[in-house]
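Visitor: I would like to go through this model with some questions about its side chains and helices.
Guide: Go ahead; here it is.

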Amino acid sequence: MLSVLKNRTYRHLFTAQVIALVGTGLMTVALGLLAYELAGADAGAVLGTALAIKMLAYVGVAPVAQAFADRLPRRSLLVALDLVRAAVALCLPFVTEVWQIYLLIFVLQAASAGFTPTFQATIPDILPDEEEYTKALSLSRLAYDLETLTSPMLAAALLTVISFHNLFAGTVLGFLVSAALVVSVRLPTTVPGPRRGIWERTTRGTRIYLATPRLRGLLAISLAVSAAGAMVIVNTVVLVKARFGLGEVEVAWALAAFGGGSMMAAFVLPSLLEKVADRPAMLTGAAVLVVGTAIGALLPSYALLLPLWLVIGFGYSVAQTPSGRLLRRSAHAEDRPAIFAAHFALSHACWLICYPLAGRFGAAMGLQSTFVVMSLIGLAGVALALWLWPASDPSDLAHDHPNLPADHPHLRTHADQGGHHHPLIVDDLHRVWPRG
């Protein structure tokens, strides 16, 4: 997996991603302490609202940001968004009112909603070989999981010598170093498409996404991933402390087990995906999430929670890590930023549904019922994926173009005795996926 780091451009971008993730992790810890300082016992409500604002920013801003940014140089855009995030983090220690947290979090996450899809869409251009790109996806998944494990420990160590307000300095530094690393490389030039209106640019990625069968299946799998993931992220602390009567250390170990399972999957996925196609691998991962969440309703002890969270973490990574491969093969280079932004928004819409459901239903009806409900949502996601994403995933389909003249270059290029056919990608000439 690490061989992909021989590519200098990718190595710098990956390092930028890791450093920015660590800075964001420090901010997460500091934000929780800041919320408690300002709101006391209502800190949970403050953080819950901040999380909802984050998801709303991701869902609403990503396609719009991409529509305005698709003509800008990638490097300049990424650096500018890093600097915006650094400026917001610099303001957070001086917050004195809860509404100021909400405002700054929205600006920060809006910048992230522009940064992350653009960053993700750049990697396929840097690593055109699918095997190398798969390794990069697994490495990125590993980075997220390592950040989940290491940032709280790093924050705890720093808090022994500094106040939590100073943790925000680590976030600022992370974004500034990330910007410097992006500046240090030359990124591939964006392939410009035809001039389009702002509405068409804003909705283009979503239209391509929803017109492509494999991506409709990916969205269904994202629903299963968010159902299980929300259950783990929202209710681990409740399970460990309320049901089993244990402490914060045990909460940390449970979350570490989930992250450890995801990391294990990241290590094995590159070799696994050489032998197994994306669809069966991702559906198997999603099925593991459904079964694991259902078993959670019967958990008798903390000792069994740890291996269950490990298995769910493994399924979590297997189900979602290959998504970049599907997105890359489903769009032309000029549409890649739009389709990555569409996936970013639509997948986070699934989280926006599942986060509050896992928390509020759990508080109202109890964890056992919530495990059942979330497993049923995951099962619905798997069933939809099986229906929406054909097993053969055909793309080289015979189709016609009744509105094109017979001498159109596209028809001449793909002329064949068996009829007009070629590997299909939804674009201006192919707005609807033909029936196989």
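Predicted model: local features only at pLDDT ≥ 70, side-chain atom pairs only at ≥ 80, totals over all residues.

Visitor: Is R336 buried or exposed?
Guide: Buried means under 20% relative accessible area. D125, at 24%, is therefore partly exposed. R336 has a relative accessible area of 10%, so R336 is buried.

Visitor: Is helix 4 parallel, perpendicular or oblique to helix 13?
Guide: The two helices, residues 98-126 and residues 336-365, pack with their axes 8 Å apart and at an angle of about 130°. Because of that angle, helix 4 is classed relative to helix 13 as oblique.

Visitor: Which helix gives the largest share of the nonpolar patch?
Guide: V84, W99, L103, F106 and V107 form this patch on the surface, with about 460 Å² of accessible area together. L103, one of them, is partly exposed at 49% relative accessibility. The largest share is 4 residues, and it comes from helix 4.

Visitor: Where does D335 lie?
Guide: D335 and R204 meet through their side chains in a salt bridge of 2.8 Å, N to O. The two are 131 residues apart, with R204 in helix 7. D335 counts as buried, at 5% relative accessibility, and R204 also counts as buried, at 6%. D335 lies in the loop between helix 12 and helix 13.

Visitor: What separates K135 and E131 within helix 5?
Guide: K135 forms a salt bridge with E131, with the closest N and O atoms 3.9 Å apart. K135 is buried at 18% relative accessible area, whereas E131 is partly exposed at 42%. The two residues are 4 residues apart in helix 5, so what separates them is about one helical turn.

Visitor: What distance separates the C-alpha atoms of E274 and E131?
Guide: E274 lies in helix 9 and counts as exposed at 55% relative accessibility. E274 and E131 are 143 residues apart along the chain. Their C-alpha atoms are separated by 8.0 Å.

Key:
Residues numbered from 1 in each chain as written. Heavy atoms only, no water. Patch = residues over 30% accessible without salt bridge, like charges linked within 9 Å, V, L, I, M, F, W, Y side chains within 5 Å. Areas by Shrake-Rupley, 256 points an atom, 1.4 Å probe, with all protein chains shown as cover. Salt bridge = Lys/Arg side-chain N within 4 Å of Asp/Glu carboxyl O. Buried < 20%, exposed > 50% of the residue type's maximum accessible area, 1.4 Å probe, protein only. Axes fitted to C-alpha atoms, helices over the stretch in contact; angles between N-to-C directions. Parallel < 35°, antiparallel > 145°, perpendicular 65-115°, else oblique.
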